[in-house]
Protein chains: 2
Amino acid sequence: MGPEEFRAAGHELIDWIADYRARIPQLPVQAQVGPGEVAGKLPGNAPEEAEPFSRLLADLESIVVPGVTQVQHPRYFGWFPANSTLSSALGDLASAGLGALGITWQSAPALTEVEEVVVEWLRELTALPRSWRGVIQDTASTACLVALLAARERATDYSEVRGGLQAESAPLTVYTTEHAHSSVLKAVALAGFGRDNFRLVGVDPVTYAMRPEALAAAIEADVAAGRRPAAVVVNVGTTGTTAVDPLAEIVPLAQRYGMWVHVDAAMAGSALLLPEMRWLVDGVEGADSLNWNPHKWLGTLGDCSLLYVADPAHLIRVMSTNPSYLRSAVDGEVTQYKDWGIPLGRRFRALKLWFHLRLDGVEAIRARLRRDLDNARWLADQVSSAPGWRVLAPVGLQTVVLRHEPAGLVSDAGAVLDAGALNAHTLAWADSVNGSGAALVTPSLLDGAWSVRVSIGAETTERSDVEQLWRLLQHAATIAEAG
Amino acid sequence: MGPEEFRAAGHELIDWIADYRARIPQLPVQAQVGPGEVAGKLPGNAPEEAEPFSRLLADLESIVVPGVTQVQHPRYFGWFPANSTLSSALGDLASAGLGALGITWQSAPALTEVEEVVVEWLRELTALPRSWRGVIQDTASTACLVALLAARERATDYSEVRGGLQAESAPLTVYTTEHAHSSVLKAVALAGFGRDNFRLVGVDPVTYAMRPEALAAAIEADVAAGRRPAAVVVNVGTTGTTAVDPLAEIVPLAQRYGMWVHVDAAMAGSALLLPEMRWLVDGVEGADSLNWNPHKWLGTLGDCSLLYVADPAHLIRVMSTNPSYLRSAVDGEVTQYKDWGIPLGRRFRALKLWFHLRLDGVEAIRARLRRDLDNARWLADQVSSAPGWRVLAPVGLQTVVLRHEPAGLVSDAGAVLDAGALNAHTLAWADSVNGSGAALVTPSLLDGAWSVRVSIGAETTERSDVEQLWRLLQHAATIAEAG
């Protein structure tokens, strides 16, 4: 496709996207297709001849749109916000148009340097330590793996250049809580630590935050048994309840044993743009790395996950490669992001952050984040004061974990009396909300029973949408209780 | 930014991209900026207030374009082709506009199912075994790491659920050649095998391909020493010289020891669309995984790397997670790509492949690949027959590795007599070509001396561009020899 065909098709597609975004509120939130339904509409072979753009646009409309859950919908309250702001989409389009090759500084100096500048802008906006350096990764899963690989190698004095992890005598151990994201266990497994060496430290029964004394006891038991504590993953805003582990109390414990402290603030990191929320990471200056995802609540188109490190030398020592065909005369003077993560090549992802911040402005972004925190507090207040409803975890961020409790299923103190009936009821009304297409919420297990997470923060979600959701929840629970 | 502002800015950006692509031939190929030059033009802080789109466009033009090496230029012959076709850029724009959330099948059924269909289209186009399944990864580096993690876990009967790699007694070993991409050593290091357990098997001195008897000897020595051969990475089209390891001879050896066979065809995979090039992977039905990058020569906008596996059960067993908030009623009936790689979330990358294949058509893509192979043979013929020039490796694909050899520096048989002078000469004329902006080639070490790689295959490179390059090379070498 040449530039002039692209021009014509591109204008059509821009109009299609603008129209699509405008009509999202009229679409069902949850995709209404069954397994295989989308694939069944597609031909079994690639076309030999070029197809006209109109046919692609028609398929986008009739096959793809009904086949995706509308997470840009104002009544999307599922999982976590996954805002894809149109300002950042323009930055991504610029990246595609440029078609730059991000393998070394030399292959695209601007790709590296805009990334350096933009991650520094965000470091400053989130008040992370001045000496920390940042890099864009694809996701929090990868960022956590990268941090644990650096932790593993630092703890073994860089065993990768010798016999690797398999030559180490005393096993390395890693700590977090059972509320950590599933990607933490996955990173532990992929890094080769083994599940036997992964400790789920006890949490406070009300806040679901890690208990530092339980961490201390776990570390001491491992040390006494000849194991070597290597890393702790501190959860700032867990997926289940947005619980916040006490970083300031964990850091000194970890430092005593030379452990790597990785802060997983994948969702909550956006809140650090608000000075009143910086308490979330009190003590961070003693940590080794922190990750958060602008592609969640902040709204930079995914994939865009920020990994900040106190000392990039650890990443570089673990990740660097230096084949002859990638060398250049300026290597000592520039940042080579290929040595800060797993892939050699990288997209010009900095452009979407750059466009997002510049086209929307930080003031407006902060106002939107505050709007969402306020909406979550409002919903929590409604739920708390409604008979038969309960808020199950502190609402410190923008997610409300709640349950409707028909008479007799839960004691006044909150003890579940009939788990089977309660779970069936919860899943029934949540499914009915989701199946209706009017809103989307996420059922989730908490203390062994199903609850419902309402995660507020889609870019277009206003108070009226939260009010409407609250009416929908009450209606669905009433019907489910009656039926 | 709302839909109407996006519409206006989007039209401007589409026009800018079309104009930019059309004038690339007039731009210098290599970025002409020094370290820090781009960063120095950017403000130190993110803006509080939204900026007008015109300012972003002006910065793209004046700061970003001069700051990237123009790999879409018709005289870009560096590294490997990194084509970003405009058809695939439209698919990527559609993905950005949709803003879908790719964490589970449920979060975006079409994101999963279009990917399944498109990777199956490409499996069929490349004649890989019918039973193999594919998944899009970001890069070949990650794909190789994923394959080696699967190999590690299969070889240890899934040690990740027990003590991990650190509890294994006999070390696992991994094999490839010194011509493997640097990402293979990196993957070995990250997977925890350790450099001591990584074997660089000898190659044929003319073809640079792995010698199966050297592999057999290395494996047998390790087994005799109590080590456990776990994986071999077979290079189909190395970065240095596009050497092709003899897969059909390697497979039976590897199978004898239960080793995982990963085929790294990152660049060469595109050639598999041509029936006459399928010999590259003769024997592939006995391998376990194969990776190639449509974001190289084929021209699908990066990141877009295909990983095919004979049995996805190994990936899933190693990579799967199942937190309550990601469960759905259809889990058993659908593909969950989160369990096929490292990240939980994925972009709707299948759209760019889908758009690319449909808007360009397979016939035209094949014609372009054949054009490039033909251009490489033409250049190799010119170089071979020109006095003082030598082609240093077989030209089986689209890369020509060459050298200009002033009298007295190399013997008639090709032995380097004065390495210092030869290297200085080679780097001098290559740097002068690159510095001129007229074309870009990549110096690379081969058998310890600098050579120059001419990698043909930019989307817009025609025979006339290769002819022009050949004149440039001869001119630069003459000047360097005289000076």
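Colleague: Before we start, what should I know about the model?

Modeller: It's predicted: local features need pLDDT of at least 70, side-chain atom pairs count only at pLDDT 80 or more, and totals for chains, interfaces and linings use all residues. Residues are numbered from 1 along each chain as its sequence is written, chains are lettered from A and ligands numbered from 1 in the order in which they are written, and side-chain values use heavy atoms, leaving out hydrogens and water.

Colleague: In what order do the strands of the open sheet in chain B sit?

Modeller: Helices (H or I, at least four residues) and strands (E, at least two) are DSSP runs, numbered from the N terminus. Two strands pair if DSSP finds at least two bridges between them. Here the four strands go E8-E9-E11-E10, with antiparallel pairing. E8 (389–391) and E10 (442–446) of chain B are the edge strands, each pairing on one side only.

Colleague: How many bridges join E8(B) to E9 of chain B?

Modeller: Three, with E9 covering residues 399–404. Trp389(B) has His404(B) as its bridge partner in E9(B).

Colleague: Which strands does helix H12 of chain B touch?

Modeller: Contact means heavy atoms within 4.5 Å. H12 (residues 419–436) packs on the sheet and touches E8, E9, E10 and E11 (449–455) of chain B. Angles run from 0 to 180 degrees between N-to-C directions, with axes as lines fitted to C-alpha atoms, for helices over the stretch in contact. The direction of H12(B) makes about 30° with that of E11(B).

Colleague: Which residues of H12(B) are buried?

Modeller: Buried means under 20% relative accessible area, exposed over 50%, partly exposed in between (1.4 Å probe, protein chains only). Among the buried ones are Leu422(B), Thr426(B), Trp429(B) and Val433(B). An α-helix has 3.6 residues a turn, so residues three or four places apart point the same way. The buried residues of H12(B) pack against E8, E9, E10, E11 and H13 of chain B.

Colleague: And what rotation superposes chain A on chain B?

Modeller: Copies are superposed by least squares on the C-alpha atoms of residues with pLDDT of at least 70 in both. It's 180° with 0.0 Å of shift along the axis, RMSD 0.0 Å, the relation of a two-fold axis. Gln166(A) comes closest to that axis among the residues of chain A, at 2.3 Å (C-alpha).
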